[in-house]
There are 2 protein chains.
Amino acid sequence: MTHSEQDVRLEISALSRLVCELLRRAGADDASAVAVTRSVIEASSRGVDTHGVILVPHYLKVLFSGRINGSPRLRFTQRAAAVGYLDADNGFGHLAGYEAITHAVRLARRCGVAAVSVGNSSHFGAAASYTLAAAREGLIALAVSHSDAVVIPHDGVRPFHGTNPLAFAAPMRNREPLSVDLATSAIAWNRLLLLKQTSRPIPAGVIADADGMDTTELGNAAALLPLGGRGQGHKGAALASMVEILSSALTGMMHGYRLIGMEGLDMSTPRRLGHFFLVLNPSAFVPIAVYDDLVANYVSDLRAQPAISGSAVMAPGDKEINELEQRRGTGIPVPIDTWASLTELASRFGVETPASLV
Amino acid sequence: MTHSEQDVRLEISALSRLVCELLRRAGADDASAVAVTRSVIEASSRGVDTHGVILVPHYLKVLFSGRINGSPRLRFTQRAAAVGYLDADNGFGHLAGYEAITHAVRLARRCGVAAVSVGNSSHFGAAASYTLAAAREGLIALAVSHSDAVVIPHDGVRPFHGTNPLAFAAPMRNREPLSVDLATSAIAWNRLLLLKQTSRPIPAGVIADADGMDTTELGNAAALLPLGGRGQGHKGAALASMVEILSSALTGMMHGYRLIGMEGLDMSTPRRLGHFFLVLNPSAFVPIAVYDDLVANYVSDLRAQPAISGSAVMAPGDKEINELEQRRGTGIPVPIDTWASLTELASRFGVETPASLV
């Protein structure tokens with residue numbers, strides 16, 4: 001991802017300490033501050049800037065304004081041998097996400113597969129935060145969440161679905177997991193905001209105006225199109241439906257269209273989002289050496305494919321692994337307005353801010 | 001779907017009897033013939049002509065030529081409390097699919113969630129055959145399968161992934177389940193064949209020629225693009241990767257790129273495909289009345305959305321439910337060349353063929 005020359009660049013651990021401290025000062029308990037920091041710093045470190053530190057000012061705002069419970073009492077109930085439910089008590093979705101995937105990993109080690117649904121939650125950042133956590137422990141994981149209405153349904157004109165992300169990660173022998181993380185919209189809402197922040201053009205066929213007509217003017221954008229655009233948008237919309245059923249009907253939460261928005265005037269009412277996590281233990285299916293060999297063969301065959309000029313065929317997550325490698329040296333780019341918010345708050349709290357690497 | 005005026009139209013039960021009898025005469029045992037017939041007739045009845053009776057001549061061919069074992073000994077092994085493995089013994093994928101989902105339903109009733117992977121299998125027709133079977137018994141189901149290389153990877157130029165379909169079905173109170181069934185390619189290969197059979201144009205941005213360049217000439221088509229086309233194809237390709245890991249690494253089968261093709265010169269070697277089935281018991285997550293209400297609210301809000309002129313916003317599976325309603329009266333349209341194959345075989349076996357309704 002290209003960044004504006006106005007970005008500051010911060011060493012990963014220094015930025016991590018700052019984010020965690022700001023969250024604590026704004027009212028998050030230790031567990032919540034650590035969970036949010038872990039998710040956003042991991043996203044930013046892997047180049048997923050849409051779900052990284054640019055979200056921190058928002059998270060601090062909803063903590064101040066009361067939407068988020070900074071000291072939630074998470075309640076886990078096991079409801080069947082391989083199923084659990086986690087009540088997030090209107091805390092940060094990140095805390096609930098890490099807690100839920102930990103339970104799912106534990107149950108899947110015992111039963112081969114397990115699912116945990118989460119209710120009374122909030123925005124959980126990058127869905128890959130949780131699938132990667134499970135995959136690094138040797139398990140395959142799926143994570144989905146609904147969100148409020150920003151995507152028009154296929155053949156529709158007004159927003160109905162959320163970007164309803166889906167993440168999937170599979171462990172690989174001696175390397176970072178294969179990692180899928182995608183919005184079921186044609187583009188992620190946060191990516192649009194990032195394109196705007198970095199003054200880059202909006203591609204055709206991904207956003208619609210208030211009349212449901214295609215546009216490339218972000219100023220006219222009232223909705224996103226589903227993955228597949230006008231022609232094949234029934235597929236993206238169908239995936240959004242799948243995510244919605246798992247995130248609401250299995251969590252007891254209302255579906256996304258009836259939720260209040262992430263942005264908007266009301267920052268004090270809890271949003272009561274739902275998430276859904278599934279974990280599979282590969283060694284319950286095949287000997288682990290067979291699994292490891294098959295995944296390794298697949299990824300190596302995929303990477304060896306011929307590419308269009310100037311590109312390389314990559315496996316899901318390869319780009320993020322490369323970016324992580326690079327950012328360990330060059331630091332995390334933080335857009336200038338995000339940095340202004342963070343330093344303003346740091347100054348108010350008397351927290352020291354690290355110097356930019358550039 | 002529009003049909004050529006040359007189509008014959010056959011009453012559903014009459015066509016079903018013919019298909020089943022032809023499969024038996026060609027060497028399928030009762031269980032195999034019934035399973036294949038159930039899947040293809042259901043697909044055709046629901047308007048999913050790509051995965052319906054047009055596949056029967058192919059299925060008969062691979063039975064004759066020895067690729068398919070017409071009398072397989074399916075072997076199910078429970079490998080963990082909520083996980084099983086089914087060896088399909090190189091029989092029809094349809095038989096294995098129905099058997100696998102039955103085991104998954106049984107285990108999910110006990111554990112809340114269950115997964116069954118299938119190895120040594122073959123083409124299983126419409127993935128929705130199996131998710132619908134589970135959903136009609138009140139359970140949520142996911143089914144995926146890999147297949148041989150026809151889809152170019154993102155930024156690639158040559159086929160690598162299969163169309164790697166994903167189906168999902170969720171039960172609804174007092175009506176047919178919500179049903180998602182999509183290829184992770186920009187278009188299904190069988191749909192292209194159907195467009196060709198019915199002389200309809202190929203949309204832009206879904207197929208590529210032998211150099212990996214976009215084309216709309218079916219004659220030049222060497223590959224499909226992933227869902228999302230050139231711009232967002234990383235998403236379709238990532239979904240294909242997810243399907244591939246579940247279908248090969250969890251089944252012990254090689255990944256799709258290393259499998260022999262569905263079409264091609266070799267019709268006698270078993271293809272050794274893998275499938276993966278997951279079943280969730282809604283009542284293990286929330287009281288069933290809560291689940292039913294939430295799904296009903298979601299579908300009714302979705303259907304009430306304003307639509308582009310001349311259309312209606314539909315829930316996944318609505319189109320198929322409407323088509324089923326209609327075809328119960330008007331029968332199933334069978335393309336003239338499919339019908340020629342079937343009648344030729346029927347005549348060879350001395351099997352009577354039903355008369356066309358038109």
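In which hand does α1(B) pass α10(B)? The crossing is left-handed, a term used when the near helix is turned anticlockwise from the far one by less than a right angle, with right-handed for clockwise.

Before the details, the ground rules. This is a predicted model in which local features need pLDDT of at least 70 and side-chain atom pairs count only at pLDDT 80 or more, while totals for chains, interfaces and linings use all residues. Side-chain values use heavy atoms, with hydrogens and water left out; residues are numbered from 1 along each chain as its sequence is written, and chains are lettered from A and ligands numbered from 1 in the order in which they are written.

Back to chain B. Helix α1 of chain B covers residues 12-25 and helix α10 of chain B residues 336-349; they pack at an angle of about 60° with axes 10 Å apart. Helices here are DSSP runs of H or I with at least four residues, strands are E runs of at least two, and both are numbered from the N terminus. Axes are lines fitted to C-alpha atoms, for helices over the stretch in contact, and angles run from 0 to 180 degrees between N-to-C directions. That angle makes α1(B) oblique to α10(B); under 35 degrees counts as roughly parallel, over 145 as roughly antiparallel, 65 to 115 as roughly perpendicular, and the rest as oblique. From α1(B), the contact (heavy atoms within 4.5 Å) takes in Leu15(B), Leu18(B), Leu22(B) and Arg25(B), and from α10(B) Trp339(B), Leu342(B), Leu345(B), Ala346(B) and Phe349(B).

Helix α4 (residues 93-111) and helix α5 (residues 128-135) of chain A have axes that come within 9 Å and cross at roughly 30°. That makes α4(A) roughly parallel to α5(A), and their crossing is right-handed.

Now the interface. Chain B has 77 residues in contact with 77 residues of chain A. About 6200 Å² is buried between the two chains, 73% of it from carbon and sulfur atoms; buried area is the accessible area (1.4 Å probe) that two parts lose on being put together, summed over both. The rule finds 2 salt bridges across the interface, each a side-chain nitrogen of Lys or Arg within 4 Å of a carboxyl oxygen of Asp or Glu. Arg258(B) forms a salt bridge with Asp301(A), the closest N and O atoms being 2.7 Å apart.

Over all chains, the structure holds 36 salt bridges.
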